[in-house]
Amino acid sequence: MQTALTDLDHLLIDPRRPLVIVDVDEVLARFMLGLERFVGRQGYEMRITRFALFQNIYAVGSTEHVGVEAGLEMFNGFFLDGADDLEPAEGAADALADLSGRAEVVILSNAPGYGREARAGWLKKHGFDYPLVINSGLKGPAAAELASRTSGKLAFVDDLLPNLESVAEAAPAISRFQMVADERLRPFAPCAPDRHPRHDEWPALKAAIEAAILR
Ligand SMILES: [Mg+2]
């Protein structure tokens with residue numbers, strides 16, 4: 001929480017421009033794929049049968065998925081040790097580069113605070129050189145705070161329905177979009193496309209953002 005406040009305190013955005021708020025994992029980064037490689041090196045495999053993290057991770061040959069404790073250990077280990085080994089979502093860097101010519105871009109990620117440097121380094125390396133705000137918990141409050149700082153229109157992109165709902169509640173004027181980068185996760189992702197239009201590919205997502213905030 002402290003970190004999120006600090007990030008927002010230091011953030012400067014143009015108060016007259018539109019603003020695009022984007023998540024990282026499964027929006028800019030292929031998180032599931034990276035985590036799969038990371039756990040694979042430790043004798044585990046991913047069998048994606050639901051929209052979850054730990055419940056898709058199995059010791060090779062096991063019929064039981066890992067428990068919360070083991071899963072958390074892998075998740076934390078990944079952010080300490082494996083978070084550089086992530087591929088960007090296809091088309092994301094180009095889309096944001098294009099949008100950033102006409103709008104501010106802020107990255108709002110729920111990465112653990114200790115993973116900040118690795119995350120910031122990864123973002124820069126892959127062409128996402130925009131301000132990073134590390135958040136904790138649902139994203140509505142941070143999005144509402146950002147919305148209070150500009151007279152321009154806003155868009156918010158996330159893969160998780162609870163974050164989209166949280167933003168709808170805290171700042172209903174923000175246009176919300178869902179994106180799930182991992183093809184295998186897509187069929188399992190809870191969504192509400194009437195409330196939060198869903199576009200799992202960046203070219204379509206970019207067009208929808210443009211239509212919502214740049215016209
Ligand atoms: Mg995400």
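This report describes a sheet and several helices in a predicted model.

Five strands make up an open sheet, and their order across it is 5-4-1-6-7. The pairing in this sheet is parallel. Strand 5 (132–134) and strand 7 (175–178) are the edge strands, so called because each pairs on one side only. From one strand to the next, the twist averages 20°.

Helix 5 (residues 116–125) lies across strand 4 and strand 5. The direction of helix 5 is at about 150° to strand 5. Helix 6 lies across strand 1 (19–22), strand 4, strand 5 and strand 6 (154–158).

**Helix pairs**

| Helix pair | Angle | Axis distance |
|---|---|---|
| Helix 4 (residues 92–99) and helix 8 (residues 202–213) | roughly 20° | within 9 Å |
| Helix 6 (residues 140–147) and helix 7 (residues 161–170) | about 45° | 8 Å |

How are helix 4 and helix 8 oriented to each other? Their axes cross at roughly 20°. Angles under 35 degrees count as roughly parallel, and helix 4 and helix 8 are therefore roughly parallel to each other. Their crossing is right-handed. On the side of helix 4, the contact is made by A92, A95, D98 and L99; on the side of helix 8, by W202, P203, L205, K206 and I209. Of the residues in this contact, seven are nonpolar, none is polar and two are charged.

Helix 6 passes helix 7 in a right-handed crossing. Which residues of helix 6 and helix 7 make the contact? Helix 6 contributes G140, P141, A143 and A144, while helix 7 contributes S166, V167, E169 and A170. The residues of the contact of helix 6 with helix 7 divide into five nonpolar, two polar and one charged.

Note on methods:
Residues numbered from 1 in each chain as written. Predicted model: local features only at pLDDT ≥ 70, side-chain atom pairs only at ≥ 80, totals over all residues. Axes fitted to C-alpha atoms, helices over the stretch in contact; angles between N-to-C directions. Helix = DSSP H or I, 4+ residues; strand = E, 2+ residues; numbered from the N terminus. Parallel < 35°, antiparallel > 145°, perpendicular 65-115°, else oblique. Left-handed = near helix turned anticlockwise from the far one by under 90°. Contact = placed C-beta atoms within 7 Å. Nonpolar A, V, L, I, M, F, W, Y, C, P; charged D, E, K, R; others polar. Pairing = 2+ DSSP bridges.
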